[in-house]
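We will go from one stop to the next, with a word on what to look for at each.

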Amino acid sequence: MARIRVLVVDDHRIFAESLAAALAAEPDVDVAAAGSGPAALRCLERGAAEGRRFDVLLVDAELGAGPAGAAAARPVPADAEGVVDGISLVTGVRRAQPALRTVVLAEKDDPRRAALALQAGASGWVAKDCSLQRLLAVVRGVLRDETHLPPALLTGVLRELTEARRHRTDSERLVESLTPREREVLRCMVAGLGRKAVAERLFLSPHTVRTHMQNVLGKLGVHSTLAAVALARRAGVGPAEPVSGPVRRIAAGSAGQVLPGDVVERGGQPA
């Protein structure tokens with residue numbers, strides 16, 4: 001009998017251990033549990049190194065949100081030690097192990113979060129209070145390349161995905177209005193480079209870079225670097241390739257969120 005290797009990732013230990021125990025009772029399921037994003041990544045890496053890769057990842061949608069259910073501080077790359085967000089973890093795992101199927105476990109129906117999970121590479125979204133039989137059916141289904149969503153979420157998720165596609169089209173059109181040099185500057189902004197670092201990288205004066213940044217904000221119709229970076233990401237603009245040497249970081253974290261120590265520019269001027 002082919003066995004299914006499942007990794008449960010949830011920072012609520014009682015839930016994680018209970019779910020793992022229930023799954024382990026199935027004759028064709030091997031299961032392990034991890035209490036955080038970094039722990040899950042270590043477990044996945046160890047399994048791959050030992051030739052015992054996991055087949056399905058069950059991850060809490062609110063991983064790292066804390067006992068009060070507050071949103072995590074920010075999504076971070078899932079290959080970093082500080083993984084706090086379940087959907088960020090899905091993104092990183094999909095990139096590192098494309099064959100691994102991911103199912104997001106959620107306490108409530110949320111079309112927007114479910115759409116984000118699918119865009120990140122998840123194959124399913126399941127309520128935490130669903131029956132074990134339902135969860136097993138989803139686990140086996142995603143291994144057949146099926147996508148599983150609760151029927152009540154389907155309309156909302158389709159609406160979110162359609163809206164995201166429309167925003168992407170609008171964003172792509174705005175990015176296309178930039179000159180080649182302005183696109184270079186925008187890619188540097190997406191990479192988190194400050195004005196001085198952009199100037200050094202592109203062999204321009206800081207004054208010239210400031211002018212380019214102001215032009216970028218104006219053509220994109222936004223008023224801050226964070227908003228420009230968010231729009232660029234929607235348009236599929238990637239960051240400038242890293243270079244050796246120190247750089248100054250700006251717009252760290254996800255759009256709309258500023259962390260201590262970030263340098264945020266508005267209208268070309270430091271905020």
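Start by selecting Asp 10, Asp 60 and Lys 128: a network of salt bridges links them (a salt bridge is a side-chain nitrogen of Lys or Arg within 4 Å of a carboxyl oxygen of Asp or Glu). This is a predicted model, where local features need pLDDT of at least 70 and side-chain atom pairs count only at pLDDT 80 or more, while totals for chains, interfaces and linings use all residues. Residues are numbered from 1 along each chain as its sequence is written, and side-chain values use heavy atoms, leaving out hydrogens and water.

The structure holds ten salt bridges. For another one, pick Arg 140 and Asp 28, whose side chains meet at 2.8 Å, N to O. Arg 140 sits in helix 5 (residues 132–142) and Asp 28 in the loop between helix 1 (13–24) and strand 2, so this pair ties together parts 112 residues apart in sequence (helices, H or I, of at least four residues and strands, E, of at least two are DSSP runs, numbered from the N terminus). Is Asp 28 buried or exposed? Asp 28 is buried, at 11% relative accessible area, whereas Arg 140 is partly exposed at 28% (buried means under 20%, exposed over 50%, partly exposed in between, with a 1.4 Å probe and protein chains only).

Now show the cartoon. Five strands form an open sheet in the order 2-1-3-4-5, with parallel pairing (two strands pair if DSSP finds at least two bridges between them). Its edge strands are strand 2 (29–34) and strand 5 (124–127). Finish on Leu 7, which stands opposite Ala 32 in strand 2.
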